[in-house]
Amino acid sequence: MNILVTGASGFVGKNLVYNLRNIAQGKNRARPNLSINEIFEYDLDTDPALLDKFCAEADFVFNLAGVNRPKDQSEFMQGNFGFATVLLDTLKKHNNTCPVMLSSSIQATLIGRYGQSDYGKSKLAGEELFFTYAQDTGAKVLVYRFPNLFGKWCRPNYNSAVATFCNNIANDLPIQVNDPSTELELLYIDDLVEEMLDALESKEHRCNYNGLEAVADNQGRYCFVPTTHKATLGQIVELLESFHDQPKTLQLPEIPAGSFAKKLYSTYLSYLPKEKTCFSLKMNCDERGSFTELLKTANCGQISVNISKPGITKGQHWHNTKWEFFIVVAGTALIQQRKVDTDEVLEFKVSGENIQAVHMLPGYTHNIINLSETEDLVTVMWANEAFDPGRPDTYFEPV
């Protein structure tokens, strides 16, 4: 399959092209039914003569080219409607009726605040052009009305508030929020790319529109990405500020699978400057070694790393409710545990050569002994709750 991507250097185009390359090069095994031969990349700096060749040989066209921020409003129609006309005329010239996808915008509804949008008008004109093309040629067209897009490689200070907020907060630059209650419908770039790959396999999701809302319909005139998120500007900024503060607090925000927070965090990280990509952690050191908190969560505990010098015993305490995993990753150790009202001692000899996780049981006093006379012992420790100095739930008692 030969695939033509117009607007290939743009935000969506770049993400799509790299994922198409992954499939073409056999790096993405999640799409075994897709076979990609050539990826024709067309953009503003491409020799216009190549469009003729690409349109002659393409088996699928993603038309992502368009104008978002022109110097003059008239450029909207020229850049969005005008290029679409050239593209479709060139396909007609070669009698190529391969499927063609159009990236339109929710602004094409011309509803509410989009009612006087020249951008929306140009996108609507492009949509109608594609639908007419389908009637005239029998070609399959897939018209997508995108809401607000976000994700890695999105250009800040251009047409994405999320990109601007991510970039500015990551780089300690000011942001401006006029109305924190303003709600956005947001589409994550990876979800969009997955939908476009679905379209290549003729598995696109179709819909009709009820105002601004996409309503799933297998026979719908339009196509849509079924996974979007709604968030206010205030909620977005609050999340981004928590991401910004994570190196100080060590607390990871909740990022469940598929959540907006997870996708926004990945987006935010893509804007970090080099000097913020690496940050120091506080090592609590003494003659026995060191203890360093790595990460905390609000509901899923805390991860730390403990380094014990040769021959050192650490621990010798118990907890009421707190429990832990001790995971030795380097060195050899003896872990001992004793239920506080008995004399029976549970012993576990562990080492970094055969990594195991050992439960530190509630109500059991426990320790960890470095059995080596020459090497440090390195233990990753997970506790079911972050350490609270006001309520440490830790009571000294030798095993």
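Guide: What follows sets values against definitions.
This is a predicted model, in which local features need pLDDT of at least 70 and side-chain atom pairs count only at pLDDT 80 or more, while totals for chains, interfaces and linings use all residues. Residues are numbered from 1 along each chain as its sequence is written, and side-chain values use heavy atoms, with hydrogens and water left out.

Visitor: How do you know what confidence the predictor has in the protein?
Guide: By pLDDT, the predictor's confidence in each residue, from 0 to 100. The average is 93, and 96% of the residues score at least 70. Over residues 67-77 pLDDT stays under 50; the model has 23 contacts there beyond four places in sequence, a contact being heavy atoms within 4.5 Å.

Visitor: What makes β6 and β11 edge strands?
Guide: Strands are DSSP runs of E, at least two residues, and helices are runs of H or I, at least four, numbered from the N terminus. Two strands pair if DSSP finds at least two bridges between them. The open sheet has the order β6-β7-β11, with mixed pairing. β6 (148-150) and β11 (229-232) each pair on one side only, hence edge strands.

Visitor: How do you know that β7 pairs with β11?
Guide: Four bridges join β7 (residues 183-188) to β11, and the definition asks for at least two. The two strands run antiparallel, with E185 opposite K230 in β11.
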